[in-house]
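Subject: Structure handover and notes

Dear colleague,

Please find the structure below, with my notes after it.

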Amino acid sequence: MSGGEAHVENSVWMRAVLLSGVFLAFGIFSYLTMGVGVANVRHHAYEDAMNEYDEKKAVYNEALDYVQCELVADRDEKEQETVLRDIKGYMHELEYLVVRKSCFEQGIRADGRKLDEIRDISIELDVLPGVHGSSVFTRGQTQSLGVVTLGTGDDFQKIETLSGERHKHFMLHYNFPPYSTGEVKRMMGPGRREVGHGNLAERALKRMVPEKSEFPYVIRIVSEILESNGSSSMASVCSGSLAMMAAGVPVPRSVSGIAMGLIMGDNNDYCILSDIAGIEDHFGDMDFKVAGTRKGITAFQLDIKVKG
């Protein structure tokens with residue numbers, strides 16, 4: 001057999017085994033989460049499993065890992081790395097198709113929500129007794145701990161730029177530790193993503209900060225992301241606004257934020273998603289973060305993948 005024929009044969013074999021393996025993975029997933037045995041897996045087991053994605057994310061990932069390991073178990077060590085890379089690529093393509101197809105044909109998202117449905121929200125105030133103000137804002141699997149510290153007028157941050165020196169009396173710092181997404185990594189300083197998310201949340205809240213003549217204190221907010229599955233910057237806006245009110249800052253109105261999504265289909269069809277999760281941010285065509293009060297918008301940011 002020539003090298004080209006062997007490559008074609010391996011490719012066909014991989015695609016066939018992969019599809020059966022994916023359905024096996026979601027059979028295991030269904031068995032663990034919904035009491036359905038592997039023998040009862042239907043052709044649409046993938047879609048059924050995706051409906052439990054948000055709540056059973058860990059089991060979902062474990063099922064995929066199991067299938068990937070099984071598919072390369074009978075390969076020698078030299079082939080395993082290459083084959084596994086191809087398998088992950090095929091699975092990624094399959095996820096992309098299923099997530100988008102479900103929105104158009106059923107009006108149901110990956111975690112079982114309707115297109116305009118928002119995840120459950122919970123709020124806790126004054127969770128830290130030793131600070132001026134604190135709050136925990138939770139929306140689905142995204143959770144932000146907002147902490148407010150008040151300082152005197154001399155505690156401002158001095159910033160030197162090419163245009164001169166300026167003083168900053170309100171600041172928000174955003175931290176995204178590895179454990180917020182279930183990872184074990186080295187704890188490092190903020191990167192570009194963290195700085196950008198912090199700036200967005202700061203702009204959203206800055207409009208509601210009272211004038212120095214009314215409230216002469218320096219305000220520093222720290223948003224610690226405790227768990228993340230989409231739109232942690234908007235959760236920071238919510239926890240920061242709540243924490244400021246808990247600290248006694250006389251804000252005129254509360255500020256909240258949400259991330260909206262867009263999925264484009266054929267023939268100019270589209271779906272608009274409210275409160276997108278991480279998987280929808282990844283496979284969708286738009287991430288539109290918008291924050292504001294009842295009277296208007298204070299900040300927004302748009303990331304779009306649709307070709308112009």
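A residue is called buried when its relative accessible area is under 20%, exposed when that area is over 50%, and partly exposed in between, using a 1.4 Å probe and protein chains only. Please keep in mind that this is a predicted model, in which local features need a pLDDT of at least 70 and side-chain atom pairs count only at pLDDT 80 or more, while totals for chains, interfaces and linings use all residues. Residues are numbered from 1 along each chain as its sequence is written, and side-chain values use heavy atoms, with hydrogens and water left out.

The confidence comes before the details. The pLDDT, which is the predictor's confidence in each residue on a scale from 0 to 100, averages 82 over the chain, and 80% of the residues score at least 70. Over residues 1-46, however, the pLDDT is below 50, although this stretch has 63 contacts in the model beyond near neighbours in sequence, a contact meaning heavy atoms within 4.5 Å. Where pLDDT is low, the predicted coordinates should not be read in detail.

As for the whole chain, there are 7 helices and 11 strands, where helices (H or I, at least four residues) and strands (E, at least two) are DSSP runs numbered from the N terminus. Of its 308 residues, 42% count as buried, and among contacts between residues at least 6 apart in sequence, 62% join residues at least 24 apart.

Ala 291, which lies in strand 10 (residues 286-292), is one place to look. Ala 291 counts as buried because its relative accessibility is 3%. Leaving aside residues up to four places away in sequence, Ala 291 touches several others, including Ala 204, Met 234, Val 237 and Thr 298. Ala 291 and Ala 201 are 90 residues apart in sequence, yet their C-alpha atoms are 8.3 Å apart in space.

Two helices can be compared with their expected span, which is 1.5 Å times one less than the number of residues. Helix 4 (residues 77-105) has 29 residues and reaches 42 Å from its first C-alpha to its last, close to the 42 Å expected. Its buried residues include Val 83, Ile 87, Tyr 90 and Met 91, and helix 4 is followed by Gly 107, whose phi is positive, near 70°. Helix 6 has 15 residues that should span 21 Å, and its end C-alpha atoms are 21 Å apart, which agrees. Because 13 of the 15 residues of helix 6 are buried, this helix is largely enclosed by the rest of the structure. Just after helix 6, Gly 248 takes a positive phi of about 90°.

Which residues other than glycine have a positive phi? One of them is Ser 231, with a phi near 60°, in the loop between strand 7 (218-227) and helix 6 (232-246); Ser 231 counts as buried because its relative accessibility is 11%. Another is Asp 275, with a phi of about 60°, in the loop between strand 9 (270-274) and helix 7 (278-283); Asp 275 counts as buried because its relative accessibility is 0%.

Lastly, the charged end of Arg 193 sits over the ring of Phe 176, 4.0 Å from its centre (this needs NZ of Lys or CZ of Arg within 6 Å of the ring centre and within 35 degrees of the ring normal).

With best wishes
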